[in-house]
Amino acid sequence: MKPNEIEISHSDKVLFPDAGITKGDLAGYYQRIATRLLPFAAGRPLTLRTFPEGIDEEGFFNKHAPEHFPDFITRIEVPTRESGKKAALMSSADEAADLVYFAGQNVIEIHATLSTKADLERPDQLIVDFDPSDDDFEKVRKVALGFCELLDSMGLNAFWKTTGSKGLHAHLPIRPERDFATVKEWAKALARKLHDKMPQETTLELRKDKRDNKVFIDVLRNEYGQTAVLPYSVRARKGAPVATPIRTDELEDVDLLPDRYTMKNVFQRLGQIEDPWRHFKRHRIAVQRLAEAVS
């Protein structure tokens, strides 16, 4: 049994100077959002982005579970693909107490793999990241709508979230029946189809200096061991924005912004609408159907 209450040391430490948000505030947020976040974190290896002195100072990513983490934080052994290297022991979270403990360790962002410990080699979702080359989010919104049209023509649907940073993520839940290499090829096929549909607005160019202010269709996260920010994770940016699930029709809102929802207003939103990702697992796509759609 994990502890229900975890003492947060230095809870008055300010992590977001612009908004006056403290470590205690962050812990309270993760305690309160746990029922929404945990279904997408449980059983997954996590990468934790930590800011010991707040977001105005340099932070770092913890891919390995720190040795000082208590025993109640579950570790998941993730075999490495590199010869001569030991498997990584990565943190996981399946209870609110885990999230609160992370906050107490100055963890602001929580990122998760696209596969679970039940089968680390086979992802249960495909992700497409729409990443602007500048700060013009209107381009991202239009490309996202174009992707919706493409998916609709293929008989597919995506679950969307704002990243809390600059762009949008589209997640396609799939049955974990194929390896990452196969799923990445499907993601690349979707990216190519969208680029062919919107060549003036999008780019597949990996080098930032060659993107010409277009929206980069990024499928690089569809690889073994790679992670994506979890829905409802806070981001280490001004105003404490939250990566927030949205309905597909919200992409039509010209006022939509990637950092529109924050620690301070996301619960108001959740009190007014049903969670857009509540049926995420129920809509898993059969891999054969996805393979036929992208071929």
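A cavity here is a set of points, on a 1 Å grid over the protein atoms alone, where a 1.4 Å probe fits but cannot get out; a pocket is an open set with protein on both sides within 12 Å along at least five of seven lines, and lining residues have an atom within 4 Å of a point. The model is predicted, and totals for linings use all residues, whereas local features need pLDDT of at least 70. Residues are numbered from 1 along each chain.

Select D129, D131, S165, R221 and R235: of the 28 lining residues of the largest pocket, these lie nearest its centre. The volume of this pocket is about 570 Å³, counted as the space filled by probe spheres set on the points. Next, colour strand 8, which gives the largest share of the lining, 4 residues. By class, the lining has 8 nonpolar, 8 polar and 12 charged residues.

The whole structure holds 3 cavities of 30 Å³ or more. For the largest, with about 80 Å³ of space, select its lining, including H171, W277 and Q125. Strand 7 and strand 13 each supply at least two residues there. The second largest cavity has about 50 Å³; show P39, F40, R44, D124, P173, F280, K281 and R284, which line it. That lining has 4 nonpolar, no polar and 4 charged residues.

Finish at helix 6 (residues 287–294), where V287, L290, A293 and V294 are buried (under 20% relative accessible area, 1.4 Å probe, protein chains only). They are on the same side of the helix because they cover an arc of only 125° around the axis. Strand 8, strand 10 and helix 4 are among what covers them.

Technical notes
This is a predicted model: local features need pLDDT of at least 70, side-chain atom pairs count only at pLDDT 80 or more; totals for chains, interfaces and linings use all residues. Side-chain values use heavy atoms; hydrogens and water are left out. Buried means under 20% relative accessible area, exposed over 50%, partly exposed in between (1.4 Å probe, protein chains only). The arc is that of the directions from the helix axis to the C-beta atoms. Contact means heavy atoms within 4.5 Å. Ala, Val, Leu, Ile, Met, Phe, Trp, Tyr, Cys and Pro count as nonpolar, Asp, Glu, Lys and Arg as charged, and the others, Gly among them, as polar.
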